[in-house]
Amino acid sequence: MSNRRHFIKATIVAAALASMGMSAHAADTIKVGILHSLSGTMAISETALKETALMTIEEINKAGGVMGKQLEPVVVDPASNWPLFAEKARQLLTKDKVAVTFGCWTSVSRKSVLPVYKELNGLLFYPVQYEGEELEKNVFYTGAAPNQQAIPAVEYLMSKDGGEAKRFVLLGTDYVYPRTTNKILRAFLKTKGVADADIMEEYTPFGHSDYQTIIAKIKKFASEGKKTAVVSTINGDSNVPFYKELGNAGLKATDVPVVAFSVGEEELRGVDAKPLVGHLAAWNYFQSLKNPENARFIKMYKDWAVRKKLPNAGTVVTNDPMEATYIGIHMWAQAVEKAKSTDTDKVIAAMAGQSFKAPSGFTVKMDEKNHHLHKPVFLGEVKADGQFSVVWKTPGPVKAAPWSPYIPGNDKKKGEPEAK
Amino acid sequence: MIKKLLLVLLCAAGVSAHAALDPAQVRQLAAEDSADKVAAIRQLTQTADPDAVRVLQAMADDALYVARDKALIISGEQAFDAATGAAVDMPAEPEAVTVNNRLRGELANALAALKLFDADAAVRRASAQALQASADAGMAPLLARALERETDAGIKALLVVAHAQATLGDADPAVRLAAVKALADTASPAVKSMLLPLTDKAGEADDKVRYAAIEAVKAIDGRLAVAENLGRVFSGLSLGSILLLAALGLAITYGVMGVINMAHGELLMVGAYATYGVQSLFRAYAPGLIDWYLPAAIPVAFFTAAAVGVVMERTVIRWLYGRTLETLLATWGISLVLIQAARVAFGAQNVEVANPGWMSGGIEVMPNLLLPWNRIIIVGFAMFVLFLVWVLMNRTRLGMFVRAVTQNRPMAGCVGVHTARIDTMAFALGAGIAGLGGVALSQISNVGPDMGQGYIVDSFMVVVVGGVGQLAGAVWAALGLGIFSKLLEGWAGAVIAKITVLVAIIVFIQKRPQGIFALKGRFVE
């Protein structure tokens with residue numbers, strides 16, 4: 001009996017000490033949450049974002065931190081499990097008391113954590129292109145909205161250089177991002193005079209690995225008399241079997257080009273890119289862009305990979321969501337300096353109009369109102385070494401339109417978050 | 001490397017042979033606008049100059065650059081003037097000429113057209129082949145010339161098809177009619193695409209040509225349908241062989257020995273990781289032989305998985321024989337342990353297992369039926385593993401003992417069979433076969449710690465439908481399920497197909513709980 005009492009006492013003392021230690025610690029550091037899947041189907045894409053975030057935090061710390069305080073990263077693994085995202089987010093906000101979170105890739109994970117950030121008035125930086133149709137006070141979107149990626153990509157496919165495609169296969173993983181994007185694209189294609197019969201929509205579950213039937217269907221659809229192009233919103237590790245099958249089935253880019261919105265340099269690392277030459281990806285950044293900021297960014301990440309002994313450190317690449325993560329963290333740091341506080345509402349106010357010289361070679365700006373970045377758009381074709389050569393780009397940064405004009409009713413929505 | 005050497009040789013030949021190309025024309029290849037580039041490519045093609053082949057090939061290989069307002073070909077450390085082929089100083093910052101899909105298609109056509117006049121029949125055949133689905137109107141005169149000169153009957157036939165495509169848009173209805181008739185004998189989807197506009201009044205004014213086009217499309221459609229159905233059967237066969245590879249090990253551990261092994265999927269995972277390990281070793285110590293890592297991985301995966309199987313059997317499963325529920329729980333626990341072990345050892349991310357060079361690409365059986373090598377090889381590998389299991393079970397002492405113990409344990413013990421050791425061996429065999437399945441899976445799907453979870457249900461499905469305790473049953477069930485679900489997928493999509501297959505299995509098991517084949521196993525008594 002006394003034994004147990006002793007134990008309880010000890011626990012209380014330990015807990016008290018621990019919490020004291022924590023508060024003492026919290027005084028000289030700012031905690032920053034990193035919420036990316038490090039296992040499961042999305043790990044192929046998200047692991048690199050965690051590494052980028054840690055690298056950027058180290059860069060900022062070396063330069064003196066934020067408001068003279070060092071940043072302290074708190075890394076959690078929501079394991080590609082959407083409800084777990086919400087749990088981990090709550091843990092970051094209530095237990096670790098982070099000032100800001102950088103995280104999520106899939107829209108379903110973002111939708112899952114949203115209520116948590118709204119309820120606890122947290123701050124989330126979301127670094128990936130997405131379907132739009134959302135504008136939350138607590139979120140900053142550093143990836144592309146549909147008008148900064150999907151729409152220009154399809155316009156390119158319909159142009160002379162893109163092959164003048166008249167028929168479209170909209171192929172995606174079965175969740176909110178591909179479904180909404182394809183809804184927008186379908187409406188957009190209709191305004192361009194493409195009939196419903198010339199659009200085929202196909203969805204596969206997360207982690208799907210047998211693309212034989214789908215490739216056969218695409219081949220058949222493409223033989224109906226008009227130039228066909230595929231718009232792929234496949235996410236996660238399904239892309240590896242998809243591109244392997246595409247290469248093996250001999251579907252060449254000159255016949256049926258595939259433009260992907262969630263495939264970058266990182267996803268192509270595990271694939272033999274030679275049969276894929278000419279297939280496209282639309283992003284706001286490519287590793288192959290030549291400018292001093294990008295050279296520095298690539299070198300910093302390569303050195304980081306070697307120093308941290310990442311798997312296959314010799315072949316690491318940079319990609320668009322990594323750049324968006326990098327921009328996001330720097331912009332947040334700038335905003336905190338400006339607000340002289342990590343308080344959510346003050347930082348949100350200070351974020352408006354922040355600008356940053358990005359590795360894309362352009363100075364990107366956070367819109368004064370709509371929480372999205374003004375970003376340039378690039379279209380790249382896959383080269384034999386898995387890199388992209390830019391075949392089309394916008395002259396300068398484009399303002400994001402999170403409420404797509406191609407979805408009815410959106411014209412009435414305001415371009416800024418609802419004030420509470 | 002060889003390509004580069006060839007390039008250098010070609011360049012050298014260009015210098016000695018004859019006068020250079022028009023530098024202005026060559027410079028235009030590097031114009032800003034794609035339309036200008038296309039025009040330049042077409043002009044160069046019309047010259048039919050062998051030098052043009054060199055320049056266009058360089059452009060297609062991404063070796064064309066611009067510096068000091070001149071087009072250069074850069075190979076390795078050397079730069080050549082594109083127009084003359086003469087070596088020049090390496091410029092400081094050459095700007096690469098970007099080639100997009102449109103240009104790539106244009107270049108492929110141009111090169112094929114230029115090579116139609118090559119002295120080597122093999123080169124001519126390859127270029128005629130390349131033009132089977134992409135010849136455009138501008139190439140008609142060139143193709144006509146090539147057709148006149150050609151002596152080889154096989155190449156001539158190919159050229160007739162290409163020429164017909166190029167003349168489909170001719171002003172003369174008689175020429176169009178001849179072209180449509182020539183194309184009616186093909187079976188390519190691209191040709192069908194070209195003919196379709198002619199079946200419409202808006203696209204074709206001449207009735208005769210239109211009817212001929214409608215007939216031709218019908219004929220091509222028939223051939224396409226044959227190829228499509230063959231393709232479906234093949235993909236079913238391929239899925240079936242994958243299911244079989246995943247389930248064969250379970251057919252032994254569960255089917256013959258009666259152990260409900262929930263860790264079966266993880267044994268597949270062990271095999272796949274063993275493949276990854278062998279690949280890494282080859283990369284580190286024998287990069288020259290990297291294409292042959294896969295054969296070396298087969299025994300490694302077998303013995304690694306078998307070793308894991310032995311440990312499982314000796315430490316856990318042997319104490320639980322006959323207690324089905326406990327076995328189920330214990331093996332499920334083992335599966336979690338194995339998944340976490342893989343996470344700790346290799347990280348939670350998928351690892352990259354590359355297809356060796358000889359497994360990429362495929363053979364073209366018909367113009368729209370291409371059988372990928374990796375799938376063909378996996379079908380062959382499944383047959384090999386099946387044969388191996390059959391020999392082991394029916395032609396060896398071990399197999400005889402396993403069957404004896406399965407049928408009557410006490411009796412086998414009485415005649416001197418060491419039953420406990422046979423149990424271990426049999427379980428190790430089943431685990432090893434699962435490891436072989438893992439080698440195959442590593443080639444077509446992602447290798448990660450929880451990859452096994454996706455196959456455990458399928459494996460049990462195959463064994464139960466086939467009839468527990470019967471290897472032949474597993475074969476029929478795997479192939480049947482594979483072909484059935486692929487045919488369904490063609491009509492109804494992946495998700496509906498999966499649901500239908502599962503419902504069909506439930507109904508089937510209700511009607512015939514013993515499966516397709518039934519044999520008495522140990523647990524039947």
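Q: How many residues of chain A are in contact with chain B, and what makes them count as contacts?
A: In this predicted model, 40 residues of chain A are in contact with 42 residues of chain B. They count because each contact has C-beta atoms, placed from the backbone, that lie within 7 Å.

Q: Which elements give two or more residues to the side of chain A that touches chain B?
A: Those are helix H2 (43-62), helix H7 (212-222), helix H8 (239-248) and strand S15 (388-393) of chain A. H7(A) supplies the largest share, six residues.

Q: What makes up that side of chain A by class?
A: It has 14 nonpolar, 17 polar and nine charged residues. Gly goes with the polar ones here.

Q: Why is strand S6 (residues 167-173) of chain A called largely enclosed?
A: A residue is buried if 20 or more other C-beta atoms lie within 10 Å of its own. Seven of the seven residues of S6(A) are buried, so the strand is largely enclosed by the rest of the structure.

Q: Which way do the residues of S6(A) point, and are they buried or exposed?
A: A:Arg167, A:Val169, A:Leu171 and A:Thr173 point one way, A:Phe168, A:Leu170 and A:Gly172 point the other way, and all are buried. In a regular strand, side chains alternate between the two faces of the sheet.

Q: What joins S6(A) to strand S7 (residues 199-204) of chain A?
A: Six bridges do, and the two strands run parallel. Here A:Phe168 stands opposite A:Ile199. The chain crosses from S6(A) to S7(A) through helix H6 (residues 176-191) of chain A, and this β-α-β crossover is right-handed.

Q: Why do strand S2 (70-76) and strand S5 (139-141) of chain A count as edges?
A: The open sheet runs S2-S1-S3-S4-S5 in chain A, with parallel pairing. S2(A) and S5(A) each have a single partner strand, so one side of each is left without a neighbour in the sheet. From one strand to the next, the twist averages 25°.

Q: How do you know that strand S3 (residues 100-103) and strand S4 (residues 124-126) of chain A pair?
A: Two bridges join these parallel strands, and at least two is the cut-off, so they pair. A:Thr101 has A:Leu124 as its bridge partner in S4(A). Helix H10 (residues 320-339) of chain A packs on the sheet, touching S3, S4 and S5 of chain A, and its direction makes about 170° with that of S3(A).

Definitions and conventions. Residues are numbered from 1 along each chain as its sequence is written. Chains are lettered from A and ligands numbered from 1 in the order in which they are written. This is a predicted model: local features need pLDDT of at least 70, side-chain atom pairs count only at pLDDT 80 or more; totals for chains, interfaces and linings use all residues. Helices (H or I, at least four residues) and strands (E, at least two) are DSSP runs, numbered from the N terminus. Axes are lines fitted to C-alpha atoms, for helices over the stretch in contact, and angles run from 0 to 180 degrees between N-to-C directions. Two residues are in contact if their C-beta atoms, placed from the backbone, lie within 7 Å. A residue is buried if 20 or more other C-beta atoms lie within 10 Å of its own, exposed if 12 or fewer, and partly exposed in between; C-beta atoms are placed from the backbone. A crossover is right-handed if, with the strands pointing away from the viewer, the path from the first strand over the helix to the second runs clockwise.
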